[in-house]
Every structure is written in C-alpha cells, then in structure tokens.
Amino acid sequence: MKKIGIITTGGDCSGLNTTIQRILTGATKRGWQVWGILDGTDGLYVNPPAAVLLNDMLLPIENSRLAGSFLHNGRATALNFETAAEQGKTKQFNAHLKKSLKSLELDALILIGGNGSVSLAWANKNLYQDLQLICIPKTIDMDMPLTERTIGFDTAVQQLTTFCDQLLLTARSHHRWFVVQAMGRDCGQLALHAGIASGASAILIPEIKFDTNNLINHIKNTTTDYGLIMVSEGISLRGHSGRPADMISRKLSAAGILNRTAFPEHIQRSGDTVATDRILATRFADCALKAIENNETYVITTLDCNEVFTVSLSEFISAGECVSDPKIPALMTSNAYVSPDDPLLDVAHNMGIYIGETKK
Ligand code: F6P
C-alpha cells in the first residue's frame, strides 16, 4: 500500500477540490492512503505536521465542485520559502519541512500549484529527495508554460463572462460603457478569453501595445452607445499610475465617453467549477497517480494537443524562463503568454474588437 500526500499552495482557484477528490478516488481504487496537508507549507512548519487522512466523508463528491481549497492554501502571515529567505531562515525552514515530510512517511507528494509554487519546489528540490514529487498546474492566470490549460482557468473565464453579462444589461439601460478590470497579473489570457466570450468592444492586454486615441476613436465609431472594454490588470499607461481600469476610464471620460469601472476581483477565483475544469482535474489526477505508479518524480502534468502527460520539472522551469519578445519590447514574456500570432487575436480583430496595435 502506498501513502501519498496532497498539498495546495499559492493563490486558490476553482477546481482544486475536484482535483483533490479525484486523486482520492483514484488512489482509493488502488488501495492507497491519501493525506491532505493543511494550509500549504504552513502545515509542514508545525510540529506535528497538520495533515488529515482523507476519505469520502471529508470530501464528498457533491462538494468537489466548490471553489477554494478544502485543504486551505496557507496564511499570508506565515513563514514561507520567500519570507524565510528574506529573513535568512531558509536553512531552518527547510530543515523543519524536511523533518515533517519524513515523519509523514509519504511515498509521494502531489503539489497542486502555480508558477511560483512549482518554481519554489524545484529550487528547494532536496526537500523531496526521499519521496516522489508530482506537480499539477493550477492558476486563473494561465501563465504556466508547456500546458494548454491550467486548472481554474476555464472557471475564471466563465465567472468573468457572467459578471460582464450582468453589466451589459445596466450599461444598455444607461447608454454607457463599462471598463472591466480582469485579473491575470502580467498575462492577458484571462482578459482575452473572457473579453471574447462576453462580446467586449475592446480588449487591452499587457502583451499587445495599444493607443488610447485609437481606442477612443474605436469606441466613438461603434454602432452602439454602450458596451464593455476589458482591461487586463497588467497593462500600463505611460505617465499614469493607479488601477489600469481607472486610467482608461479617465481617458474615456475626458473624451466625452460616458463610462464606469467595474472590478470583479476575487470572484474570478471562485464559482462552481465548470465541466471542462472538472474534466481537466480528473485527467491530471489520473496522470499524477500513473506517474507515481511509474516511479516518476520531479514531474508536472501537462495538456498538449488534447493529450495529458508528464514533463520533467527541469524542462518546465526552462520553458517558463522569461525572454523578451522583439514585438513586445516593453515586456518580458514566456511561451505561456498571449503570442502576437495567437489565433484568438485574429478572430477578435475580424470581429471588430479593438485589441491594440499589432493588427491593422
Ligand atoms: O495569480 C492569481 C491572482 O488571482 C492574480 O490574477 C491576481 O493578481 C493575484 O492572484 C491576486 O492575489 P491576492 O489574492 O493576493 O490579492
């Protein structure tokens, strides 16, 4: 019988509980035990480690659609890899984590995390040398390399789209525009996808340069006097500070375009997990369990051309290295970000959506 652990680290997103529940189901079928480590690395930085033996009663299937992590993602105030390094406590912190992992006597650990968590796991890989480390990618930002989808992205797109659907009704009643600020950090995938899904008239993302005058002309020339302008939180406007949606809103107001801003914020990380995220979570869970059976370690599950498989963490880390793109001189980017050749940009352009200055 194997004994495996699951840990959820970094920001939450919808789909974490489905992943945990599917790992439990697949592991139980194999006769394995599954331990959930609570609160990310916080749960390993206490003595004894905070871990619970999972079973169907603790995470029933009907609750696996709920957002958040049943295991929690950790406290912002707790010591973690980054703050330990800042405070010169890395040695002590890592020694504690290693001791906790040893005391749990795990054969394998499945880490469900984003870029930051996976990079930190790789940077501190000695911690996991006595067990198998399998990672599963999750984030609403979809900024992780080598995978066409991350858990939580599709639900975030749906959440943001639903939010915009509601705004459009009041926008129409008052003949005005809404500037909606999407999450995503410096990656425009979420804004681009939700912008297209909700029928936005303009989508501004960090990867594509835009011109405010051209945006204003575009809005003035649309056939409607209301609509949505989707703005990624990662865009910037020279000479302006503050929230990007506010900056764009001020420019529109100055040009006489009646508008309001809207900030869906963490609603994008919430919401019942949509079917495609649940299917992805199930496929990644299955892939992670197979990787354990195959004695793999230091790997991450990925989706490519509808195939799910593992790649080594070293390959993942080098693919994610930021490079500067000559077409986007102001931004360092990796292959996970929106490429200037992304077919969705073409579609948006053909639909008359203002997406910036790369397409004429
Ligand atoms: O990385 C996920 C994310 O939701 C980003 O899109 C966003 O910028 C950030 O986390 C928000 O973090 P916090 O929950 O700490 O405010």
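1. The residues around the ligand are Ile-140, Asp-141, Met-183, Gly-184, Arg-185, Glu-233, His-266 and Arg-269, where a residue is near a molecule if one of its heavy atoms lies within 4 Å of it. This is a predicted model, in which local features need pLDDT of at least 70 and side-chain atom pairs count only at pLDDT 80 or more, while totals for chains, interfaces and linings use all residues. Residues are numbered from 1 along each chain as its sequence is written, and side-chain values use heavy atoms, with hydrogens and water left out.

2. Thr-9 is found in the loop between strand 1 (3-8) and helix 1 (16-29); helices (H or I, at least four residues) and strands (E, at least two) are DSSP runs, numbered from the N terminus. Thr-9 counts as buried because its relative accessibility is 9%, given that buried means under 20% relative accessible area, exposed over 50%, and partly exposed in between (1.4 Å probe, protein chains only). The side chain of Thr-9 makes a polar contact with that of Ser-117 at 2.8 Å, a polar contact being a pair of N or O atoms within 3.5 Å; within protein, one must be able to donate a hydrogen and the other to accept it, and residues adjacent in sequence count only if both atoms are side-chain atoms.

3. Ser-64 lies in the loop between strand 3 (51-53) and helix 2 (81-86), and Ser-64 is buried because its relative accessible area is 4%. The side chain of Ser-64 makes a polar contact with the side chain of Arg-22 (3.5 Å).

4. Arg-172, by contrast, belongs to helix 5 (residues 153-173) and is exposed, with a relative accessible area of 54%. The C-alpha atoms of Arg-172 and Thr-90 are separated by 55 Å, and these residues are 82 residues apart along the chain.

5. At the start of helix 11 (residues 343-350), a side-chain oxygen of Asp-342 reaches to within 2.8 Å of the backbone nitrogen of Leu-344. Helix 11 is followed by Gly-352, which has a positive phi, near 80 degrees.
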